[in-house]
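Work through the exercises below with the structure in view. Each task is followed by a solution in steps.

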Amino acid sequence: MAEIIRIYNENPNPREITKVVKTLRNGGLVIYPTDTVYGLGCDITNNSALEKIAQIKGVKLEKANFSFICHDLSNLSDYVKQIDTSTFKILKRCLPGPYTFILPGNNNLPTVFKKKKTVGIRVPDNNICRAIVAELGNPIVSTSIRDEDEVIEYTTDPGLIQEKWDNLVDIVIDGGYGDNIPSTVIDLTTDQPEVVREGKGSIEIM
């Protein structure tokens with residue numbers, strides 16, 4: 001059964017953050033708030049946890065388009081090839097914020113993602129998930145938790161999320177009601193930035 005933990009975005013409790021990080025290090029799955037919709041994530045270095053998420057989403061792990069939640073842009077060089085100044089300026093302007101940027105991956109990607117040429121990077125404007133990543137010491141792999149409901153695409157109530165995901169994850173973080181609009185996805189791997197999905201983040205940034 002999933003444990004529900006209340007954490008406040010304004011001032012995340014360090015003890016609760018440590019508890020979540022311990023679960024992630026042990027291969028657990030966690031649902032947490034971002035600045036957009038709630039996300040499902042695990043430690044990027046834990047292959048069995050990655051497999052579990054791929055299984056839940058019904059995709060092959062090596063083909064999955066998961067994004068990496070980073071604490072800030074200092075994590076970038078761990079998994080992304082060197083980028084030019086104009087690309088970096090866009091990232092600096094928009095992050096932390098409700099964007100996923102597709103960037104060229106480097107050779108340090110986890111083994112299961114070695115064949116991927118690109119990686120989606122997120123630095124959400126949310127203190128809870130960024131505090132988790134900061135203490136963990138590396139990004140968490142993330143995917144949005146979608147709803148099968150045709151009207152409401154994303155569940156926003158942490159209590160309902162816990163009910164639905166109770167047997168699939170270890171922890172559900174209650175960070176208050178989530179948003180129901182996902183991040184804006186922008187591809188920065190070509191000459192001109194390309195909007196892949198318009199979401200919460202303004203596309204008037206380029």
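**Exercise 1.** Is Phe68 buried or exposed?

Solution. The model is a predicted one. In it, Phe68 has a relative accessible area of 2%. Buried means under 20%, so Phe68 is buried.

**Exercise 2.** Find how the rings of Phe68 and Tyr79 are arranged.

Solution. A search of the whole structure gives 3 aromatic pairs. For Phe68 and Tyr79, the ring centres are 5.5 Å apart and the planes stand at 80 degrees. Planes over 60 degrees apart count as edge-to-face, so this pair is edge-to-face. The pair links distant parts of the chain, with Phe68 in strand 4 and Tyr79 in helix 3, 11 residues apart. Tyr79 is buried too, at a relative accessible area of 10%.

**Exercise 3.** Which parts of the chain does the pair of Phe68 and Phe113 tie together?

Solution. The two rings form a tilted pair, 6.0 Å centre to centre with 50 degrees between the planes. Phe68 belongs to strand 4 and Phe113 to the loop between strand 5 and strand 6, so the pair joins parts 45 residues apart in sequence. Both residues are buried. Through ring pairs, Phe68, Tyr79 and Phe113 make up a cluster.

**Exercise 4.** Where on helix 4 do its buried residues lie?

Solution. Helix 4 spans residues 85-94, and Thr87, Ile90, Leu91 and Cys94 are buried in it. Viewed down the helix axis, these residues fall within an arc of 95 degrees, so they line one face of helix 4. The face turned away from that side carries the exposed residues Thr85, Lys89, Lys92 and Arg93. Cover for the buried residues includes helix 3 and strand 5.

Definitions and conventions: Residues are numbered from 1 along each chain as its sequence is written. This is a predicted model: local features need pLDDT of at least 70, side-chain atom pairs count only at pLDDT 80 or more; totals for chains, interfaces and linings use all residues. Side-chain values use heavy atoms; hydrogens and water are left out. Buried means under 20% relative accessible area, exposed over 50%, partly exposed in between (1.4 Å probe, protein chains only). Helices (H or I, at least four residues) and strands (E, at least two) are DSSP runs, numbered from the N terminus. The arc is that of the directions from the helix axis to the C-beta atoms. Contact means heavy atoms within 4.5 Å. Rings of Phe, Tyr and Trp (its six-membered ring) pair if their centres lie within 6.5 Å; planes under 30 degrees apart count as stacked, over 60 as edge-to-face and the rest as tilted.
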